[in-house]
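Hi there,

Here is the structure I promised to pass on to you.

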Amino acid sequence: MHPAHPTRRTFVTGTAALVAAATTAPAGSARAEGFVRTPGVRQAVVARPLTVPGLQQWTAGRGAYRFGVRSRIVLDRADRSKLAGTAALFATDLHTLTGRRIPVVTGAARPGDLRLRLSDDRNPATGDEGYTLDSGAVMDLSAAAVTGIFRGTRTLLQLLHQSPVVAGGTAVDWPLKPYRGLMVDNGRKYFTPEWLEGTIRNMAYMQLNTLHLHLSDSEGFRIESSTHPEVVSKDGFLTKRQVRDLIALAEQHHIEIIPEIDVPGHMTQVLSVHPELGLPGTKTTLDLSKDEVYAFIKDLLDEYLPLFPGRYWMIGGDEADSVSDNAAYIAYAKAHYLPSDGDASKLTGNDCVLGFLNWANDIVRAHGKTMRMWNDGLVGVKTAVVRPSSTINIDFWTSRGADPQWLVDQGFTVMNGGSPPTYYAAGGGWDYRKDTPWTYDNWQVDEFLNWGADGETPSPFRTITGSANQGTAMHIWCDAGDAESEQHISEYTTRLTHIVAQAGWGSPKPAADYPGFVRALQQVGDAPGGLPTVDLAMGCRAVATTGQDPAAAVDDDPSTGWSSGSDGGRGTAFTIDLGEPVALDRAAVQWGVRFASAYRLELSADGRRWRQLASTSTGKGGTTPYRKATTPQDLIDFDPRAVGIEEFEHLRGVGRYVRLVVESAPAGGVDVMSLRLFGAPRR
């Protein structure tokens, strides 16, 4: 488990929250307030406060808000009972961020205070998650609902992470879509409760509101069970106590948890102990023509539905084995699911699956919840005799099943979880780590990429607007669970997750292009108490013993990099100054066509005395230079394994300077496209 950020005794400043219309803080005031600069990030004066996602509306005003040693969180007496929990969490997060204990008081606000208040002026356009920030002598945060107040506190944390001074003016902010989520495949790979807790804090910082836990898959059943303890994985699972704790933390951060026990496919773990429940000829799929399968699934539904207080239950339904011609399924559908006006001669095995989905939906609805499923579980639905209930919400990810426009036309509600661009697969045979610059520059939440309609070729985008499209989610799949550690996954998914969060919020983007967006992420930083995900090397000072453009290896543009030149043989070194001591635990080197087969990473506190951090004598480099995607097909074709990323995990060391030293290189030298470093500042 990667440790959360240590308590910080100083603010981190960047380019974002300082004032344009108002004056900046007086000379020397940053030092007096204990501010330090983010390594490698230049300070500037800008007109619009920077947040991720960006603010929907901003109107510049006079003056500025200044956070100081006398700042308090102030509540109106009438709001105290409703806002006490949110205020206490905000105070805790401010303490983590600044090292100061911020009192929560009731009464009149004074200059420097942060006032939180509920407003009777409910704006239907902004909903329960909308809020207003009035920045002046007092920072006034108002909203019609507690959720809106909480969302506003996340924005304030981002602003105060950058500077104690926030531009004077008014922000009105709200999400475009009600569903903005993250899915974690906790079935194939066991994610610890500590990692999930940090992820919840990270999600809230990004204004995400839904955590979908994929709790079972062929490789694992990862939640404690009292009705069927025999199916639970022995190599890691969540206890019900741990689940309740996660739910409580998620509720505190206004995040809804959606559980998923994926049936009838992806059941290898269950069938390893209950082979009698399996579809003949398969190791992955439950046999829906057997009554005992329904009894087994009902046991799980009745056990787990009361455990999760949220609105939804995810049944899965994806990638089950084909049963369209299965005689037992056809007979079961005729006996149990044939509508009174249905033609029995037209039944297929798919009708049995659709009948099962309606059966499960009835149980879920009896518990007061809405059922969700993956869209490819609706194979054959367009010509089916049995019609699935349109009360089922559909998570669209592939055209191997019902397409989004047809679903909407039939009255279904859909969620845009298209693959790509919202997928990441740890250790996947087909690598979902797609081109994040392309996604940021081009993709919109209402655009569904029609993946899978024709083999491996995507058709053009389909656009589903309005409330029929609930929103979107980032998906972390673990095709090979042991291939990547928890911290690796969080660091490598954070940028795409932020892009998905921005798309779901639907506000003006915080930067015109992807490099600017990455700089914005660097400036708003990581969530207090969350998982560290920021590339500490980005934008730092870089020097090299030979060649040109060392800064291009730390600009987060994988199409540019440092070239050592023909003199860059053994002993050539590339050095990064992080600006302050950092506890490092991961590094990632991305090579161009020319790469070092042997090299080492070294660490130093003073830039003179070095010790080895990591090394390899089997570097494989890349096969092709990075090529930016420009079309949906390019997005599909993009394969980062071809651009030579080599990674070093579980590093141990504290230092300010990191250098890469070449030990064996081709005659023409080497090309380092990027050197990324992860960890936490050590202050």
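**Strand β15 and its partners**

Strand β16 (residues 370–374) pairs with β15 in the parallel sense over three bridges. Helices (H or I, at least four residues) and strands (E, at least two) are DSSP runs, numbered from the N terminus, and two strands pair if DSSP finds at least two bridges between them. Before going further, please note that this is a predicted model, in which local features need pLDDT of at least 70, side-chain atom pairs count only at pLDDT 80 or more, and totals for chains, interfaces and linings use all residues. Residues are numbered from 1 along each chain as its sequence is written, and side-chain values use heavy atoms, with hydrogens and water left out.

Back to β15. The bridge partner of Met314 in β16 is Arg372. Strand β14 (residues 256–263) runs parallel to β15 and is joined to it by two bridges; here Glu260 stands opposite Met314. β15 itself covers residues 312–316, and five of its five residues are buried (under 20% relative accessible area; exposed is over 50%, partly exposed in between, with a 1.4 Å probe and protein chains only). Both faces are covered, with Tyr312, Met314 and Gly316 on one side and Trp313 and Ile315 on the other. In a regular strand the side chains alternate between the two faces of the sheet.

Glu256 also lies in β14. Is Glu256 buried or exposed? Glu256 is buried, because its relative accessible area is 12%. Leaving out residues up to four places away in sequence, Glu256 touches Asn209, Thr210, Leu211, Gly310, Arg311 and Tyr312 (contact means heavy atoms within 4.5 Å).

**A seven-stranded sheet**

An open sheet of seven strands has mixed pairing and the order β3-β9-β7-β8-β6-β4-β5. Its edge strands, β3 (57–66) and β5 (104–106), each pair on one side only. On average, neighbouring strands in this sheet are turned by 25 degrees against each other, direction ignored (axes are lines fitted to C-alpha atoms, for helices over the stretch in contact, and angles run from 0 to 180 degrees between N-to-C directions). Helix α3 (residues 146–162) packs on the sheet and touches β3, β6 (114–118), β7 (131–135), β8 (139–143) and β9. The direction of α3 makes about 150 degrees with that of β8. Seven bridges pair β3 with strand β9 (residues 165–173) in the antiparallel sense, and Trp58 stands opposite Ala171 in β9.

**Ile476 and the cysteines**

Ile476 sits in strand β22 (residues 469–477) and counts as buried because its relative accessible area is 1%. Which residues does Ile476 contact, leaving aside its neighbours within four places in sequence? They are Leu182, Met183, Val184, Asp185, Trp195, Tyr424, Ile489 and Thr493. Ile476 and Asp185 are 291 residues apart in sequence, yet 6.0 Å apart in space, C-alpha to C-alpha.

Cys478 is buried at 0% relative accessibility, and Cys540 is buried at 5%. The structure holds zero disulfides (pairs of cysteine sulfur atoms within 2.5 Å).

**The whole chain**

The protein chain has 14 helices and 29 strands. Of its 683 residues, 61% are buried. Among contacts with a separation of 6 or more, 76% are between residues 24 or more positions apart. The accessible surface comes to about 25,200 Å², and 50% of this belongs to carbon and sulfur atoms (Shrake-Rupley method with a 1.4 Å probe; for residues, only the protein chains shown count as cover).

Best wishes
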